[in-house]
Amino acid sequence: MLYGIAAATTALLLAALLTELLRPPALRLGLLDRRRRRAVPLSGGAAVASATVLVAAAGDATGVAPLGAGIGTLLVAGACVGALGLAVDVWRLKWWVPLAGTTAAAVVVVPFEETGVPGGLLAVGWVAGLTAAFRGLDHADGLAGTVGVVTAFGAAVCAAAELMDGIMVLLSVLAAALAGFLVHNRHPARAGLGACGSLFTGFVLASAVVFVRAGHGMGASAGVLFALTAVACADVALVVLARWPARRPLACGGPDHLGHRLRRLGVAPRAVTVLLGTGALGGVVAGVCAHTGWASGGVVLWAAAVAVVVVLALARVSVTPVLPPRQRSSTASVQVSQRLRVENR
């Protein structure tokens with residue numbers, strides 16, 4: 001108990017310190033969030049991943065808080081996914097590169113001996129998909145970090161109910177590291193999470209929940225997994241619902257996520273984070289209650305119903321269409337030409 005408190009405090013302070021220390025190098029290297037009108041250095045991802053790995057590894061190495069069988073592998077795989085995310089931030093790699101890397105890491109981590117081959121393959125798809133979903137949440141100040149903190153605490157409670165102390169410590173350290181990062185990421189953000197932090201967070205959370213639910217029924221597990229990550233799942237569903245019928249690319253970034261649509265409705269930036277963080281908390285409470293047996297499985301259905309209503313309502317909010325990169329460049333060139341013509345007149 002005392003180590004858990006000390007580890008969480010250390011991770012929080014270390015992540016906050018590293019985020020600030022890595023800001024100048026990120027600015028000099030041009031490691032910036034290019035989706036925003038202002039330059040936001042992506043120093044938070046490396047800070048969160050480093051703080052989580054260092055604190056959790058120290059506890060395991062000293063024997064004070066051993067992670068247990070399989071969890072050490074999860075931590076190493078998560079570090080590799082974070083390093084891949086850093087490469088994505090630096091070199092802007094194609095979308096399939098992090099997806100392939102995350103899938104390969106998930107194959108190594110998923111406990112096939114407990115899930116079976118069919119369940120294990122579904123778990124691999126889940127880990128890869130949720131990791132990508134968390135990267136999609138990094139589109140508003142404080143959003144990915146807030147949802148990550150709430151989800152990590154909820155998953156830690158589920159791990160504690162299963163007496164999985166190693167996973168509980170790892171998730172608590174991750175939540176604390178994200179909280180330290182949020183000191184710099186609240187609106188207006190001074191640092192961003194980037195692909196490094198969002199992929200690392202999504203992978204560790206998804207893999208940890210798979211470990212917690214391994215051995216439970218597949219249908220019930222699917223409901224709990226959805227509830228614990230309701231906001232990320234709703235964000236993916238909203239993007240797919242908006243882009244698929246219009247045959248727009250699913251892998252390109254664009255202003256059509258949950259936060260963007262709420263902003264189009266006039267919701268303030270900080271209020272967007274509060275609203276979606278509250279939604280994540282509601283889903284987590286439902287997932288924890290269903291996992292521990294404090295409530296029937298029907299509570300998950302209520303969470304799913306709320307998510308469906310929110311997605312369908314926000315899908316009606318008009319946003320800027322998402323175009324392929326080439327078409328986007330040509331459209332921008334046309335707009336510049338039209339602006340120059342007007343100015344010359």
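1. Let's start inside the protein. In this predicted model, the structure holds 1 cavity of 30 Å³ or more. About 30 Å³ of space lies in that largest cavity.

2. Which residues line the largest cavity? They are Ala 155, Cys 158, Val 209, Val 212, Arg 213, Val 224, Leu 228 and His 291. The elements giving two or more residues to this lining are α7 (143-161), α9 (194-213) and α10 (218-228). With 3 residues, α9 gives the most. By class, the lining divides into 6 nonpolar, 1 polar and 1 charged.

3. Now for the helices, with a tip on reading them. Two packed helices are described by the angle between their axes and the distance between the axes. Keep both numbers in mind for the pairs below.

4. Begin with α7 and α9. Their axes come within 10 Å and cross at roughly 20°. Angles under 35 degrees count as roughly parallel, so α7 and α9 are roughly parallel to each other. The crossing of this pair is left-handed. On the α7 side, the contact is made by Gly 148, Thr 151, Ala 152, Ala 155, Cys 158 and Ala 159, and on the α9 side by Thr 201, Leu 205, Val 209 and Val 212. In this contact you will find 7 nonpolar, 3 polar and no charged residues.

5. The crossing of α7 and α13 is right-handed. Among the contact residues are Val 150, Gly 154, Val 157 and Cys 158 of α7, along with Gly 277, Ala 280, Val 284 and His 291 of α13. The residues of this contact divide into 11 nonpolar, 7 polar and no charged.

6. How are α6 (residues 112-137) and α11 (residues 230-243) packed? Their angle is about 80°, with the axes 9 Å apart. Angles of 65 to 115 degrees count as roughly perpendicular, and α6 and α11 are therefore roughly perpendicular to each other. Trp 126, Leu 130, Ala 133, Phe 134, Gly 136 and Leu 137 in α6 meet Val 231, Ala 232, Cys 233, Asp 235 and Val 236 in α11.

Methods
Residues are numbered from 1 along each chain as its sequence is written. This is a predicted model: local features need pLDDT of at least 70, side-chain atom pairs count only at pLDDT 80 or more; totals for chains, interfaces and linings use all residues. Side-chain values use heavy atoms; hydrogens and water are left out. On a 1 Å grid over the protein atoms alone, a cavity is a set of points where a 1.4 Å probe fits but cannot get out, and a pocket is an open set with protein on both sides within 12 Å along at least five of seven lines; lining residues have an atom within 4 Å of a point. Grid points are joined across faces, edges and corners, and a volume is the space filled by probe spheres set on the points. Helices (H or I, at least four residues) and strands (E, at least two) are DSSP runs, numbered from the N terminus. Ala, Val, Leu, Ile, Met, Phe, Trp, Tyr, Cys and Pro count as nonpolar, Asp, Glu, Lys and Arg as charged, and the others, Gly among them, as polar. A crossing is left-handed if the near helix is turned anticlockwise from the far one by less than a right angle, and right-handed if clockwise. Contact means heavy atoms within 4.5 Å. Axes are lines fitted to C-alpha atoms, for helices over the stretch in contact, and angles run from 0 to 180 degrees between N-to-C directions. Angles under 35 degrees count as roughly parallel, over 145 as roughly antiparallel, 65 to 115 as roughly perpendicular and the rest as oblique.
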